[in-house]
Amino acid sequence: MSSKRISLTQYLVEQQREHGHIPGQLRLLIEVVARACKRIAIQVNKGELGDVLGTAGSENVQGEVQKKLDIIANEVLIEANEWGGHLAAMGSEEMDSIHVVPNRYPQGEYLLLFDPLDGSSNIDVNVSIGTIFSVLRKVNNQRGISEEDFLQPGKQQAAAGYCIYGPQTTLVLTVGDGVAMFTLDREQGSWVLTQENVQIPADTKEFAINMSNMRHWDAPVKRYIDECLAGKEGPRGKDFNMRWIASMVADVHRILTRGGIFMYPWDKREPEKAGKLRLMYEANPMGFLVEQAGGMVTNGRQRILDLQPTKLHERVAVVLGSKNEVERVTCYHLEAD
Ligand code: AHM
Ligand code: MG
């Protein structure tokens with residue numbers, strides 16, 4: 001990378017000029033989301049001093065207890081995005097149904113989905129958390145909008161990204177032309193391009209899975225992890241390392257940075273054959289980023305970005321990261337069918 005500092009705005013303007021694939025409304029949308037993430041980062045950093053830790057005493061649609069920061073982050077994203085004229089509606093992990101842009105504002109061409117604060121269990125313990133977002137085009141041309149308009153396969157995303165609130169605050173973005181990372185310069189209050197053309201190595205010796213669920217796993221997942229654990233002496237002939245942060249943003253960020261495989265598989269406690277993670281605002285945006293960085297993403301059997309969603313809060317099993325490892329896990333599943 002050259003020593004010339006490029007801001008997010010400049011990056012987007014240049015992308016628009018050179019490749020023409022960022023229409024004006026999409027550029028505005030990304031800038032607004034990035035600004036909202038900056039505001040969320042400020043709240044996250046305040047922690048106890050800002051009275052933002054702990055639970056809010058309410059539950060979301062999935063029956064999970066909401067943390068104060070879940071609600072704050074959700075409000076920040078809605079407020080920032082509803083008036084700009086770039087969006088028609090928004091969907092969020094923290095809202096039962098979609099939020100349509102009120103009539104007093106112009107309605108835009110895009111739909112935005114987000115997990116406002118991912119890794120909620122890590123909020124109070126000062127471990128990295130993040131905001132995940134997915135951008136779809138509004139395909140029908142009428143003013144009316146419903147949940148159905150959101151039910152598009154992940155391969156139709158116009159953009160996706162996340163912001164990780166960690167030792168650094170970093171925005172990771174794809175508009176379908178590779179993955180770029182922007183680090184927040186706190187003194188300047190601006191996003192600075194710090195990495196372009198991110199690539200995930202095809203091979204890895206690092207896996208991420210919640211091992212406490214092992215007894216509930218399906219046979220192919222157990223087989224894969226057993227082989228990793230067998231190390232040099234086992235069929236893989238190499239030792240594996242393990243990491244599990246329990247914030248998908250942080251686990252995916254590590255994989256984008258140095259490779260690895262991340263799994264949140266379906267397990268036997270779930271009758272619906274889905275996993276814990278949500279398709280539309282967790283798996284799809286992360287899937288788009290990982291594929292754009294040369295990695296692979298499946299639900300154990302199929303490419304996640306090909307799946308036709310059936311509801312806004314649908315769950316899905318997730319296997320993502322270094323291509324050769326994801327391919328192996330997927331083969332184990334297909335062989336077992
Ligand atoms: P959240 O959106 O409610 O925070 O849940 C999603 C998170 C992911 O970030 C992470 O990979 C997973 O849940 C961790 O789950 P577990 O606590 O079962 O290890
Ligand atoms: Mg989440």
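Which helix lies across strands E14 and E15, and at about what angle does it run to E15? Helix H6, made of residues 279-292, lies across these two strands and runs at about 25° to E15.

## About the model

This is a predicted model, in which local features need pLDDT of at least 70 and side-chain atom pairs count only at pLDDT 80 or more, while totals for chains, interfaces and linings use all residues. Residues are numbered from 1 along each chain as its sequence is written, and chains are lettered from A and ligands numbered from 1 in the order in which they are written.

Helices (H or I, at least four residues) and strands (E, at least two) are DSSP runs, numbered from the N terminus. For the angle given above, axes are lines fitted to C-alpha atoms, for helices over the stretch in contact, and angles run from 0 to 180 degrees between N-to-C directions. Two residues are in contact if their C-beta atoms, placed from the backbone, lie within 7 Å.

## A sheet of five strands

An open sheet is formed by 5 strands in the order E12-E11-E13-E15-E14, with mixed pairing. Its edge strands are E12 (241-242) and E14, each of which pairs on one side only. Strands are said to pair if DSSP finds at least two bridges between them. E11 (residues 206-208) and E12 run parallel and are joined by 2 bridges, with Glu206 standing opposite Asn241 in E12.

Strand E15 (residues 318-321) pairs with E13 (residues 261-264) in the antiparallel sense over 4 bridges, and E14 (residues 296-298) is also antiparallel to E15, joined to it by 3 bridges. Leu320 in E15 stands opposite Phe262 and also opposite Val297. In a regular strand the side chains alternate between the two faces of the sheet. Both faces of E15 are covered, with Val318 and Leu320 buried on one side and Val319 and Gly321 buried on the other. Here a residue is buried if 20 or more other C-beta atoms lie within 10 Å of its own, exposed if 12 or fewer, and partly exposed in between, with C-beta atoms placed from the backbone.

Helix H5 covers residues 248-258, and because 8 of its 11 residues are buried, it is largely enclosed by the rest of the structure. Among the buried residues are Met248, Val249, Asp251 and His253. The helix is followed by Gly259, which has a positive phi, near 90°.

## Annotated binding sites

For "binding site", an unreviewed UniProt entry lists Glu93, Asp115 and Leu117. They span 25 residues in sequence, yet no two of their C-alpha atoms are more than 8.9 Å apart, so they gather at one spot. UniProt positions are given in the numbering used here, feature names are shortened, and annotations may be inferred rather than shown by experiment.

Glu93 lies in the loop between strands E3 (87-92) and E4 (99-100) and counts as buried because it has 25 C-beta neighbours inside 10 Å. Leu117, Asp115 and Asp118 lie in strand E5, which covers residues 110-118. Leaving aside neighbours within four places in sequence, Asp115 is in contact with residues including Glu93 and Glu282, and the contacts of Asp118 include Met248 and Glu282.

## Ala73, a neighbour of Leu117

Ala73 is placed in helix H3 (residues 68-81) and counts as buried, with 32 C-beta neighbours inside 10 Å. Beyond its neighbours within four places in sequence, Ala73 is in contact with Ile40, Pro116, Leu117 and Thr131. Ala73 and Glu94 are 21 residues apart in sequence, and their C-alpha atoms are 9.6 Å apart in space.
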